[in-house]
Amino acid sequence: MENMLTQTAARPLPTGAPLTATSQPVIHLRDIEKVYQTKTIETVALNRVNLTINKGEFVSIMGPSGCGKSTLLSIIGLLDEPTSGVIELDGRPVQSYSDKELAYLRNQKIGFVFQSYHLINDLSVLDNVELPLLYRAGVGGKERRERAYAALDKVGLSARTNHFPSQLSGGQRQRVAIARALAGRPEIILADEPTGNLDSVMGEEIMDLLLGLNQQEGTTIVMVTHDEQQAHKTQRLIRFFDGSQVS
Amino acid sequence: MIRHLFTLIWNRKRSNFLLMAEILLSFFVLFVVSVLLVNNYYNYRQPMGFTSDNVWEFNINPGQDTINRKETLRRLVQELKATPGVAAVTWTSNTPFSFSNNNTDEYRYKDKGAPQTEIFDTDDDMVKVLGLNVVAGRWYDSRDDASSRHTIVVNQRFADEMFGQESAVGKVLTNDKHDEEWQIVGVVEAFRSGSDFASNDPTIFIRRALQDTARMSNTEQATLLVRVQPGSAAVLEQQLVRKIKAVTKGWDANVNTLAENRKDKLKFVMTPLIALGLVGLFLIINVALGLFGVLWYNINQRKAEIGLRRALGATGNAISRQFLGEMLVVTTLGVAGGLLLAVQFPLLGVFGLATPVYFMAMLLATVLVFTLTAICALQPSRIAAAIQPAVSLREE
């Protein structure tokens, strides 16, 4: 455990960032391995990864393409299962959870932002943002609408609620994806190269949005990025190489 | 979630329209096959109108003997009636389960023409031999000897089609030329003489007595139906054949039971029915494969969406339910269109079948289409939902 904490030691917070991070671990990975196996080839995507992310932290993960960053994010987000190792959310290992329990955790605790937005093209902006709330028991239609409007307002898209994703620019689509993550009010946002498809101005906008969320709402954010500049805006930078954590 | 389903279906109306069209066509194919199958089943469930057990059929061929043919036949009938073990004997122009028939639409009542009608020339004992169920009036008998008109009994189907709610008994039919008249004295419940799957076609029994020279030519062959006591065996059969030989002095005669004829006819009509059933099954499999292919493709196209929904908190079951729900809504719309078309069949009287047949076929086709689409949607969506969300998300 000590070794792991040394490897993932927090860097000083960027100037102006409020002290939202606590030492309370919200995500804890122990000896995580992920091996993709075909008939002829075995590819090690993650090799004995140990990582702890504390509540309120904004962590960025960097590394060359194919080093296992997105796989790690998928495993943290319970979208994929590790080949071996233990994942703990709020101190509880999730391996033994049923499909229903995992779905509940994904819905209640985690918000996802993907590089390619992953919006449903046949649904309006508002309907896309409402999606996570559809799977949440006890949230009625009216509340869903209100929360979706509020989330869209937060990302500055309240005038585009009835548009379809195909009618929006890349930056706007990513903001819709962030609004969708926000609508569920998750404790953790996992962002996989959220600015990867955007120009630098749009990228900055999205980054500011995420920083604001972390600083104002205390949302824990884990972001995979190729952009060194953006990575340095976060509280901690973790580097990966060939499936292993190198710093 | 229901509103979400409808939103999704509406926003995908273009691709759903094609799916709906596929379902509508599938429904229609299944409806037509169902009409044919249900009609046969419907007929099978209807009363035959007569009993064929313990009835023997004698086909008697006088050959070149044209002298005293009617007299010989009259004596033969009397001799047979007098034989112990024989309950009744009738002389008829045709028999149930025969491979030939005699029909006409020459009859008229006032200005109304009769439907195509099966004709049986029979004597007074037909009612006893076949156990016909007279539901109105009476069967013809010697009281009609003095009638100036032909005396007839019709089946209920004929009465319904010609007179509707009015009583058929006492009505007088005529022909196009108005040179002959037929008076109805009774109505029998049904007479499905073709086979177990035949419909109860309009039928007229015309009284014919051996002394009726107008309807009996001297060159006619004779068919006799003989009701025997239950349990009568080969001994009685030989006895009757010997009696026929003795009375007719060498006329050819062969005997069958109506039960055997019924079986033979059943085999004959079952062959096309089995072929139809196989064609129906083939069509159903084709429809299922077509739907399965379309739905499989549709669901595969939406793998990334499935991954996304799983990432946002949908369980595998919720995904399956969503796809099933979407398919059921689309199927309902397709079937509704199909039902609109199908309902034209009874309204326009296409095929001329009983109305319940069409409605049963609609029900059957609806159940089949819903079952097929449910199976075809559930399986691919289950497979897709079982894939790890991360894998589905990479499909985009």
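What is the helix content over residues 273-299 of chain B, and how far apart are the end C-alpha atoms? Keep that in mind while we walk through this predicted model.

**Stop one: chain B, residues 273-299.** The chain here is 100% helix and 0% strand, with 38 Å between the end C-alpha atoms. In UniProt, an unreviewed entry gives this span as a "transmembrane region", along with residues 21-42, 327-351 and 357-378 of chain B.

**Stop three: chain A, coloured by pLDDT.** The average pLDDT of chain A is 84, and 91% of its residues score at least 70. Select residues 1-19 of chain A next: there the pLDDT is below 50, and the stretch makes 19 contacts in the model beyond near neighbours in sequence.

**Stop four: a helix pair in chain A.** Select residues 141-154 for helix α5 of chain A and residues 170-183 for helix α6 of chain A. Their axes lie 8 Å apart and the helices pack at an angle of about 135°, which means that α5(A) is oblique to α6(A). The crossing of the two helices, α5(A) and α6(A), is right-handed.

From α5(A) come Arg147(A), Ala148(A), Ala151(A), Leu152(A) and Lys154(A), and they meet Ala179(A), Leu182(A) and Ala183(A) of α6(A). By class, this contact between α5(A) and α6(A) has six nonpolar residues, two charged residues and no polar ones.

Notes
Residues are numbered from 1 along each chain as its sequence is written. Chains are lettered from A and ligands numbered from 1 in the order in which they are written. This is a predicted model: local features need pLDDT of at least 70, side-chain atom pairs count only at pLDDT 80 or more; totals for chains, interfaces and linings use all residues. UniProt positions are given in the numbering used here, feature names are shortened, and annotations may be inferred rather than shown by experiment. Helices (H or I, at least four residues) and strands (E, at least two) are DSSP runs, numbered from the N terminus. Axes are lines fitted to C-alpha atoms, for helices over the stretch in contact, and angles run from 0 to 180 degrees between N-to-C directions. Angles under 35 degrees count as roughly parallel, over 145 as roughly antiparallel, 65 to 115 as roughly perpendicular and the rest as oblique. A crossing is left-handed if the near helix is turned anticlockwise from the far one by less than a right angle, and right-handed if clockwise. Two residues are in contact if their C-beta atoms, placed from the backbone, lie within 7 Å. Ala, Val, Leu, Ile, Met, Phe, Trp, Tyr, Cys and Pro count as nonpolar, Asp, Glu, Lys and Arg as charged, and the others, Gly among them, as polar. pLDDT is the predictor's confidence in each residue, from 0 to 100.
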